[in-house]
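Please read them beside the sequence and the model.

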Amino acid sequence: MKNVEDIWPLAPLQQLMLAHALADRNSNVLVQQFRCTLAGRLDSAALRRAWEVIVARHALTRTAPVWEGLKKPVQVVRRDVALPWYELDWRGVPEEEQDRRKTALLAKDRLRGFDLAKPPLMRLCLVRATDSQWSLAWTCHHLLLDGWSAGVVLRDVFVAYEQLRRGRTPDLDGCGDFRDYLKWLAAQDRAAAGDFWRSRLTGMEAPAGLPIERPAGARLTDETGNGHCERTLTESENAGLARLAKAQRMSLSTLVEAAWAVLLARYQEREEVVLGVAVSGRPPQVPRVETIVGPLVNNVPRRVPVPLDDPLHRLWRRLQTLQIEAQPFEYCSLEQIGQASGTPGGRLFDSLVVFENYPLHDAGQMQAGDVTIRDIDGTATSNYPLTLVALPGTALKLRMLYDRNRYAAVVAERLLDQLATLLRQMIENPNALVRDMRLAEPIRRGVPSIPDVARTRVLDRAHQDAPVGMPGELWVEDVTESGSKQLRKTGYRARWNEDGSLESMGPSSGSLALGPFRVVPAEITAVLALHPLVDHAAVVGYTDCQGAAQLAAYVVPSKNSVAGIESHEHGLLLGQLRRFLEERLPEPMIPTAWRAVAALPRDAVGRLDASALPEPLCPRPATLPPYIAPRDVLEARVATIWSQVLAVEPVGVTDNFIDLGGYSSLAVTLLARLEQEFGRRPPLASLFEEPTVAHLADVLRRAACKSDDDCLVPIRRGTSQPPLFLIHPAGGTVFCYLELAKHLASDVPLFGLQAQGVDGVLAPLATVESMAAHYIRSMKSIQASGPYRLGGWSTGGVVAFEVARQLVAAEEEVSLVALIDAAIPSADRAFDEGDLAPMIALLFPGEDPRRIEQLRDQPVAEQVEYFRHRAEGVQLLVAGAGADRAKWVFDVFEANLRALVAYRPQPSPAPLVLLRATEHATPMHDDRHLGWLPWAVGGIAVHDVAGSHLNLLQPPAVVRVAGVLDEYLRGDGCDLAAPLPVGGRADSPVAWNGVGR
């Protein structure tokens, strides 16, 4: 590809960000916006050229991810990109109106987001406010860079600007290379990192939200996204923190983390908390790491003991030690850390601390000639409920980002006030104990419903007065006969509400914290044991699949229900028991997980041994349709595997895999388990088609009745319309068509034809002609006679042409052959084995061309071995695939390439529609008809599609491809001698060549 400079793997944090971005394409949580004011005589043209220089200097600014059709995403560095640059002139607009417009403009630009497939993932807007004042807004995706990198880029921009303004060619100091960071990452000892995080996190409690969250039932639906509030410490407070940090030989960030840890520990009523901490992720071993532009920042958990009787200096030292010990392993992604700690897929923490000690903020303001750059700031977003951002400078600024759906603005404001209060107390008394730290002044109200009470107090675990919203122990001040006063513990828990009222939260002994509520499991157990079908019961706390604290109910059914356990049909009983509790207890006291057991484990003295209880299973979501039990042994076996993989009980035969909490890596695990159980793995496409137990059982049932060489993959079943058959490219699988299926008309049935051999059962077919004959037999099992509609991308288009030729020769009607950027040599030139190297290079466009030239002179076996090595490097195979499975794919790929080399096309009267990528991939692409004209006796319509060979079936190009195909599918049997205009637009060129029928 002409405009590809290199292809890199994604860093761990980039992989996580891409997964989040693809999961919610409407979210702007990963969109960053940096702003500054420019004062003076600005040369806007020179500034734009400076940005273009910096884009050429830093490769990540020209990079975008590629994921469609790949086993593991990569990022493609473009040689050249067009910089999106907008200029607005608001001179003459009143200042108030300018402020309003600016706020709206910035918000709209953030919400606009990015198309991840189209670099650059950044844009700039320059607004002129007066003759001598400008505002610059730089919006970019977090996949490109972090806050530190933003400072590097801005400094480079204004150095280049000043040199350009003086008529000089920009001459900047050397900078680091993101590739060096990726190489460093690849060389790290992942096993040692896993051991470290396992030793630090094993056995930790689940992350707990604060009890001051909005109740789940009261959460808003029309107020989403992040809110934020700020507090700025006074100059004297800032100086006091600086003196304290210097005296204790620690960083200011350690003091902030310590204050936040104390605050969380108070609210969560724990002596150990887990903080999320943003780290720079810039290892000193990487050359010039401080000047690398890229998303090196990472978020890691910090498990911090906060004993009440520890002095503050011990907490500070402990935090400092934790920071130092974790530094060598801070490169690990949260997914890797979660796997090491035994909580894959679960959230490790609910709040994040970000200490933005970046060049962006250190700069304060910069000078470029006679232009002053000031008010440099950035808009951060977060997908955590609470994110504390500390911005150092002449005065420490504390910013709280909060999920407005979970926290009220007044609550976030109060948390910041309490954090500032804790920092002031650290300055005033650095030798204090943790328990001495105060969050609020005493709150005393008279409560008439409690007799003989003069004053009421709610105290936290440190016996400090609990602030508004925080649960604590309810104490009262009694007046004795002598007139003295003494505090008495009531045995109940309570909290003060915003309106000054006191809310009782039930008895305190044996209770559990569940988000904002506390419950007593013994009370629930007693009610559950009243049911006539329950002999024994136990309700205990547990951590669910997402890491949240929940209640689990274990029941020993009476003899009348034992048969239900043995036949795995106890879902009806458990549902009945849940409704039994719902009629008698409030919603927070209803267990979320249920399990029937033969007996409850007991210790030597007969008490419940909770540690010996089996793992609870997550409940089937109540939002699903009514539960339908398995109807035969095969469905029961499949449902059991689903239940084990998803940790959900029970699983009905019509339940949806995604609705049960399934995601892509679990899908691979599920199919592997099915293969282990039944000896055959259903196609991944079958899980896309209809992700239910009933459907997968049916797929397995049909597979047992069909021959082993069945190559049909149902991508989507539709109406009685003739289906569209899509034939595999050289790799042999049909996953590349799943994105296309999303955009084609939903009433057209789609079937993929995958290559024989991808499942390792039979050898790959050796010729294009034999593939075509084989696929025709499979097609006729679905559609006995024409008109047939065919398509194929790349090599698949060549095979589709031969399928059509054979069908027409057998006097079958073919109404459509869609060749998706499929090329064939011209009549005066045939493929030979020397063409293998450039075809392989299509998959690795970033490879050194000299290496490809060297491969031309090597034996084919060495060319294929090169392909194996490069494919493993970018992980084009399914992650975790065994060596045997990998070899099947390589064998198919090699066989398909050899078959393509040996193929000699013959003229065919079948009508051809050629969708041609505008970016040329091979010399064959210099021909507008990609070599098909001599063979298209039935005519050929050519449609240009903006994009490259590799991204033609990815957004946005795939939308255009689907639009063209839809026109021909709707006009089934139309005369291609008058090709359909697509959308009637000038940007949809159609070239027609009629060569006779």
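**Notes on the predicted model**

1. In the predicted model, V389 stands opposite R399 in strand 15. Strand 14 and strand 15 (residues 397-403) pair in the antiparallel sense over 6 bridges, where two strands count as paired if DSSP finds at least two bridges between them, and a hairpin links strand 14 to strand 15 through 5 residues. Helices (H or I, at least four residues) and strands (E, at least two) are DSSP runs that are numbered from the N terminus.

2. The model is a prediction in which local features need pLDDT of at least 70 and side-chain atom pairs count only at pLDDT 80 or more, whereas totals for chains, interfaces and linings use all residues. Residues are numbered from 1 along each chain as its sequence is written, and side-chain values use heavy atoms, with hydrogens and water left out.

3. Strand 14 (residues 386-391) is mostly covered, with 6 of its 6 residues buried, buried being under 20% relative accessible area, exposed over 50% and partly exposed in between (1.4 Å probe, protein chains only). L386, L388 and A390 point one way from this strand, while T387, V389 and L391 point the other way, and all are buried. In a regular strand the side chains alternate between the two faces of the sheet.

4. Strand 14 also pairs with strand 11 (residues 351-355), to which 5 bridges join it in the parallel sense, and in this pairing V353 stands opposite L388.

5. W260 touches L275, S351, V353, L386, L388, M400 and L419, not counting residues up to four places away in sequence, contact meaning heavy atoms within 4.5 Å.

6. The largest nonpolar core has 144 residues, and W260 is among those with the most contacts inside it, together with L38, L47, W51, W138 and W197; such a core is a set of buried Ala, Val, Leu, Ile, Met, Phe, Trp, Tyr and Cys residues joined through side-chain atoms within 4.5 Å. Helix 8 (residues 252-268) gives the most to this core, with 11 residues. A second, separate core of 44 residues includes V798, L807, A899 and L930.

7. Elsewhere, 3 strands form an open sheet in the order 1-4-3 with antiparallel pairing, and its edge strands, strand 1 (4-9) and strand 3 (63-66), each pair on one side only. Strand 3 is joined to strand 4 (residues 74-78) by 4 bridges, and V66 stands opposite V74 in strand 4.
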